[in-house]
Amino acid sequence: MDFKDRIGFGCVGLTTQPSVKHALNILSCAYENGITAFDTAPIYGQGYSELILGKFSKNKRSKLAITTKFGLGNVKMPTIQPIVALPLNYLRKKLIQSPQQPVEHNYVKVPRREISKEQVKFDFYSSLKRLQTSYIDTYLLHEGTPDFLTDEALEFVFELKEKGLVRKIGLGVCHKNLEDINPKQLINWDILQYENNYQLNTGKIYEDFQDKEHIHHTVLKNVQTNHNAGELIAKQLVKFPEAKVLFSSSKCQNIIKNLTDASDIYQTVNL
C-alpha cells in the first residue's frame, strides 16, 4: 500500500474556517498533495462539513474515499447557505474568543443508547444528499458499538453494504468501548476507528483485532514543541504497519510540511 494511501484528512475543522473558499482550498491542498481519503460526520458543523466536502468532491467523486458516520443525533439540512454560515460562525467565534487553555482529555466509555432503524435511515439519506453522492465508501457507527443498534437498525446497516450503497462499515468510537468489547459483536464489521498516539497507546486493540482495518486519530493531539508532526505520523504508520492515520490542519503550508516530513521519515525507516 502506498504511503499516502494510509493517510486520511479529517474534516471536523472545515466549518471553523472564515469562508467556504478557504475550506475548499484546504481540501484541495490535501488532495493535490496526494490525499484521497476524507473523513467527516453529520455532527461536524451540524451538516456543513458534509456540504463542503460534497461540493469539493462533486467532479472527482470516483477518485476519493469518503468516510462519514451515523447514529449520533438527527442533523437536518442546514437552512443557511454555507457561503453565509461560515463567515458568520467565524466572526461569532472571533468576538467571543477566550484565551486558549491546555485541554485535558479524560477518555471515558460512551454510555449505551438505543439507535433505531429510522435514525440510521434518516442519517444515511441525509448524508447522501449533503455529500451529493450515491454511495459512501466507509460508514461508521459514531460513538457507539453494535449493541447500541436495534435488530432492525443492525439489519438495515448490513443491507446498505449488501446493496453496495456502502462499501465498508465500522465503528468510530472511544477506545474505551473497544478495550473489552465482545468480539462476536464485530462479526461482519470491517473497520475500527479510535484514538491512538504517543501519549495514549491503544495498541492492544490493534493486536486483538488483526482481522479488522484500523484507523487511528488524535495522533497529533497536544503535540509538544519537541515533537515534529510529520515524524509522529510516520512513526505511527511504522509502529502499526496495517493501520491508517487521520490528521487535519487549517493551513496549507502545514499540510504540505506534515506530509513531506512524514514521507521522508517513513521512507528512511523502511529502507
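Reader: Thanks! What volume does the largest pocket have?
Author: In this predicted model, the largest pocket has a volume of about 670 Å³.
Reader: And which residues are the closest to its centre?
Author: Those are Val12, Tyr44, His217, Thr218 and Lys221, out of 25 residues that line the largest pocket.
Reader: How does the lining of the largest pocket divide by class?
Author: You'll find 11 nonpolar, 9 polar and 5 charged residues there.
Reader: Nice. How many cavities of 30 Å³ or more are there?
Author: The structure has 1 cavity of that volume, and about 30 Å³ of space lies in the largest cavity. Its lining includes Pro42, Ile43, Asp123 and His142, and by class that lining has 4 nonpolar, 3 polar and 2 charged residues.
Reader: Switching to helices: at what angle do α8 and α9 pack?
Author: Helix α8 (residues 229-239) and helix α9 (residues 252-269) pack at about 45°, and their axes are 7 Å apart. That angle makes α8 oblique to α9.
Reader: Is the crossing left-handed or right-handed?
Author: Right-handed, as α8 passes α9.
Reader: Which residues meet there?
Author: From α8, they include Ile233, Ala234, Leu237 and Val238, and from α9, Ala262, Ile265, Tyr266 and Val269 are among them. By class, the residues in the contact of α8 with α9 are 9 nonpolar, 2 polar and 2 charged.

Terms used: Residues numbered from 1 in each chain as written. Predicted model: local features only at pLDDT ≥ 70, side-chain atom pairs only at ≥ 80, totals over all residues. Heavy atoms only, no water. Axes fitted to C-alpha atoms, helices over the stretch in contact; angles between N-to-C directions. Helix = DSSP H or I, 4+ residues; strand = E, 2+ residues; numbered from the N terminus. Parallel < 35°, antiparallel > 145°, perpendicular 65-115°, else oblique. Left-handed = near helix turned anticlockwise from the far one by under 90°. Contact = heavy atoms within 4.5 Å. Nonpolar A, V, L, I, M, F, W, Y, C, P; charged D, E, K, R; others polar. 1 Å grid on protein atoms, 1.4 Å probe; cavity = no way out; pocket = protein on both sides within 12 Å on 5 of 7 lines; lining within 4 Å. Points joined across faces, edges and corners; volume = space filled by probe spheres on them.
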